[in-house]
Each structure stands twice: as C-alpha cells, then as structure tokens.
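Reader: I have a structure to study and I am new to this. Can we walk through it in short steps?

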Amino acid sequence: MSTSLASTPASPAPSRFGYATGLSCRECGQTYPLGSTHACAECFGPLEVRYDYPKLDRAAIEAGPASIWRYASLLPVPPDVATTPNTEPGWTRLVHAQQLGRELGLRSLWVKDERANPTHSFKDRVVAVALAAAVELGFKVLACPSTGNLANAVAAAAARAGIRSVVLIPSDLEPQKIIATGVYGGTMVPVEGSYDDVNRLASELADDREDWAFVNVNVRPYYAEGSKTIGFEIAEQLGWRLPEQIVVPVASGAQLVKIDKAFRELVSLGLVEDTPYKVFGAQATGCSPVAEAFRQGHDVVQPVRPATIAKSLAIGNPADGPYVLDVVRRTGGVVADVDDDAVVSAMRLLAATEGIFGETAGGVTLGVLRSLLASGQLDPDAETVIINSGDGLKTLDAVAGGLNTSPAIRPTLDAFLAFEASQGGPGGDQPL
Ligand SMILES: *Cc1c(COP(=O)(O)O)cnc(C)c1O
Ligand SMILES: [Zn+2]
C-alpha cells in the first residue's frame, strides 16, 4: 500500500522489547539504550523503562489472555511473549470483601488476592517480565537475592523456561519458603546474615558473572515494571476506574511505586478517568524505615536492621524508599507500620471474615488499614483496595501458636457431646 498518513501520527512498531524504547535515570533524566544497565553512569540513580506507547483500547486488552500478558504492550517484553515458556501469573481475583468491610466500618473494600499466582505471591509477575527481558538480553542464568517469595518465583520460572537458577536467601527464612524453592531443582544458597547482606553479595556477583540476570539487581528496571500489572488489573476489575484509596505493603517499595505508575499510564492512555486516589504504604514496625522517614518528614530513608515476623517485607535498606515517599506525599496518603501482634491478628481477621489465608505481608497491610481507620487517616466512605501479596501457607508459624487444637476424641457421640460441653457449647443432653 502506498497510502500517506501525514496527518495522523503513525502507531509505533514494536521491537523485541515491545513498545519500550530505552531506559532513563529517575534522578537526572539521562537516557540509555535498552540493555542490562541498571544505574545511571552520571549520578548512580536507578534507571526506569521508557515507552513510545501504542494506541490501546479497552476491548483490545479485554480480548487478551487471562494473565499479565493481556498488558504486554505496556511492558518491556517481546510481542510474542505469551507463547514462549514462562509462567503465566496475574489476573488474580479482586475480592469484594463485604464482611471484612462491615467489620471495619468501611463502605466499600476490595482485596486483591495474589495467592493464585503460580508460586502463590505477587513475585511471579515481576519475575515473568524479568525472565522475558533477560532472555532477549542474552542472559543464561536467572538469579536473585530474596526474602523468600522471589526465590520461589525465580526457581519456578527458570525451571519452566529450561534455564539454570541461582537464588541467595538469608539462612533464617521460613522452612516453607525454603522447601517451596528447593523443589524446583535450581541452586539455592543460604547465606548467614540479613536480606541486606544477601543483597550486597548479589550485587558483587552480578558484576562478576556476565551471563547471570539477577532479576532485582542488574535487570531491575524490567523486573519492576511487572508490578504495574497489579494496578492495571485493579482498575480493569473495578470496571475501568481507579479506587479512591489503596494500601500496599512496602519492602523495597517497587510494588507501591509501580502501582501508581500503572494508574497514571491508564489515565494518560485514556483508559480510565482521571479521578483522585491516595496511596498508603504498609510496613511492620520491626522493619519500618520508610514509615519512619514519612513521620519525620524526611526525603531520605535511614537503613535499619529488620526484626519482624513479616520476613517478606524485611528489607532494611529499601531501594525505592524515596520514591515511595514521593508517591504517598503526592497523592495525600500515609506510610505507617504495625507491630507483629497486630499482623497476626489481621491475618486471623482476613481468614475468618473472607476465607483468605494471607501471609504476614497481608497481615501488615490489613493491620495498617485498621490502624489508619482508627486514627482517621483513612476515609471509611472512600472505595478502598488492599493487597494480599502472598499465601499464609508459606508463613504458618506466624499463626500456629494461638490456635485452639484440642486432643483427639474417641469416635463416639458421647465423646463429641462431652467435647462440645467442654468448649462451652450446648450441654451433653441438648441436641446440636
Ligand atoms: C516482595 C514482597 C512484597 C514487597 O515488594 P516490594 O516491591 O519489594 O516492595 C510484598 N509482599 C510480599 C508477599 C512480597 O514477597
Ligand atoms: Zn542520573
């Protein structure tokens, strides 16, 4: 065809990284070609993926696969990503939590439940995007330092893609997370020390091993983009609109920052209306450097040594901490923390009201929601979304202690009635 379209700008053509066109420094704006650079050569600032966005409509997205790949054209991945070996995370349920909402006095509450991902946490999203980009960049090994869930996701995705994985974990992780990583058959290296020690070792290794893609280190700009898909899904599942309040757990802070980026991309692409929303960050008191900086009104985050049962959030020196502060302050939210008792109580409440057994990170998020409602910093009349980012089966010890496990009874009606009476239930002579 020889048509001239001088008056309408041509839709950009996708490359092997889709509509991504390069990387840019989040601090000074310096731009770089798509590659495995992750820090700015000018100022050491972190790099972020830039796009020449295609024209998109809701129908095109709705016709896509029931996974994160329905948003492939807003990610730095090859156009044929949905047909190459990778896990297919995403399109998890957005649960209308009416019982929990009633319990808390919230008019409209939703729980984005990330347990249904292939390895039962939101980390499968970021790893799937990192893997697709790492393959395009020519890496041969998929690696990471991890607080647990990332190790699960990397080992599984590498197994499915038929490549080698190497994961570095703090040696005191929950046994469930260690088993659920080892089963995939990659290399797992327990390291003495905190996550921040493990992360430092990974950064040194990333410089040393040219063909190892450390998903959250040297391919971090691609990895982090995967978290946008939670934001895209929430908006689409609400019927293509933004919630008024959202509470997000904060470890490195990437998830929170990218959910905000997703909301802004949807607005600028005309896919949702530009309605105001507030982003709230949730941390455990035993590792709350971002909440502390927020309270102090600081722009920099002072590193801490973590001590909390919420191990998946135990990053004492969060890479995206300052950007979390930016997003939360810009949208009018708050970063807050709750102690481990409040985390456990919130895990129980989520399970008992909605049938959702979330992990400690989910308890942190719901705990902070409760606390901010009590202090009047969250509006009970505004539509609110919270993220349950992982599965309670991986953090069993957190709730095992207080459970009412009575000794076994004999298999007779009398024994049952005696048991019931001992529990303060109907007496032995009354029918059930
Ligand atoms: C990693 C993780 C988070 C936090 O993610 P960041 O992007 O590092 O802030 C939250 N919840 C769970 C369950 C996680 O594994
Ligand atoms: Zn820079």
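**Helix, sheets and zinc**

Author: The buried residues of helix H10 pack against strand S11 (278-284), helix H11 (321-331) and strand S12 (335-338). Keep in mind that this is a predicted model.

Reader: Which residues of H10 are buried?

Author: H10 covers residues 289-296. A residue counts as buried under 20% relative accessible area. In H10 the buried ones are Pro289, Val290, Ala291, Ala293 and Phe294.

Reader: Which residue follows H10, and what is its phi?

Author: The residue after H10 is Gly297. Its phi is positive, near 75°.

Reader: Which protein atoms are the donors of the zinc ion (ligand 2)?

Author: The donors lie 2.3 to 2.4 Å from the zinc ion. Along the chain they follow the spacing C-x2-C-x11-C-x2-C. They are Cys25 (SG), Cys28 (SG), Cys40 (SG) and Cys43 (SG).

Reader: What is the geometry of the site of the zinc ion (ligand 2)?

Author: Ideal angles for four tetrahedral donors are 109.5 degrees. Four donors count as tetrahedral if all angles lie between 85 and 135 degrees. Here the angles among the four donor atoms are 99 to 118°. The site is therefore tetrahedral.

Reader: What is the strand order in the open sheet of three strands, and which strands stand at its edges?

Author: The order is S2-S1-S3, with antiparallel pairing. Each edge strand has a single partner strand, so one side of each is left without a neighbour in the sheet. The edge strands are S2 (31-32) and S3 (47-51).

Reader: How many bridges join S1 to S2, and how many join S1 to S3?

Author: Take S2 first. The bridge partner of Ser24 there is Thr31. In S3, Ala20 has Tyr51 as its bridge partner. S1 is joined to S2 by two bridges, and to S3 by five bridges.

Reader: How many residues of S3 are buried?

Author: S3 is mostly covered. The count is four of its five residues.

Reader: Where is Ser15, and which residues does it touch beyond four places away in sequence?

Author: Ser15 sits in the segment before strand S1 (20-25). Its relative accessibility is 34%, so Ser15 counts as partly exposed. Its side chain reaches the backbone nitrogen of Phe17 at 3.0 Å. Beyond four places in sequence, Ser15 touches Ala20 and Pro79.

Reader: How far apart in space are Ser15 and Pro78?

Author: In sequence they are 63 residues apart. In space, C-alpha to C-alpha, the distance is 7.0 Å.

Reader: What is the strand order in the open sheet of four strands, and which are its edge strands?

Author: The pairing is parallel, and the order is S8-S7-S6-S9. The twist averages 20° from one strand to the next. Each edge strand pairs on one side only: these are S8 (187-191) and S9 (212-214).

Reader: Which helix lies across S6, S7, S8 and S9?

Author: This helix covers residues 195-208. It runs at about 145° to strand S7 (164-170). The helix is H6.

Reader: Is Glu236 buried or exposed, and what does its side chain contact?

Author: Glu236 is found in helix H8 (residues 228-237). Its relative accessible area is 9%, so Glu236 is buried. Among the residues Glu236 touches are Ile61 and Trp91. Its side chain makes a polar contact, at 2.6 Å, with the side chain of Tyr71.

Reader: What is the phi of His120, and what is the phi of Trp240?

Author: Most residues other than glycine have a negative phi. His120, in the loop between strand S5 (109-113) and helix H3 (123-136), has a positive phi of about 70°. Trp240 lies in the loop between H8 and strand S10 (245-249). Its phi is also positive, near 60°.

Notes: Residues are numbered from 1 along each chain as its sequence is written. Chains are lettered from A and ligands numbered from 1 in the order in which they are written. This is a predicted model: local features need pLDDT of at least 70, side-chain atom pairs count only at pLDDT 80 or more; totals for chains, interfaces and linings use all residues. Side-chain values use heavy atoms; hydrogens and water are left out. Donors are N, O and S atoms within 2.8 Å of the metal (3.2 Å for Na, K and Ca); water is not among the atoms, so sites may look incomplete. Four donors count as tetrahedral if all angles lie between 85 and 135 degrees; four count as square planar and six as octahedral if opposite donors are over 155 degrees apart and all others between 65 and 115; anything else is irregular. Two strands pair if DSSP finds at least two bridges between them. Axes are lines fitted to C-alpha atoms, for helices over the stretch in contact, and angles run from 0 to 180 degrees between N-to-C directions. Contact means heavy atoms within 4.5 Å. Buried means under 20% relative accessible area, exposed over 50%, partly exposed in between (1.4 Å probe, protein chains only). A polar contact is a pair of N or O atoms within 3.5 Å; within protein, one must be able to donate a hydrogen and the other to accept it, and residues adjacent in sequence count only if both atoms are side-chain atoms.
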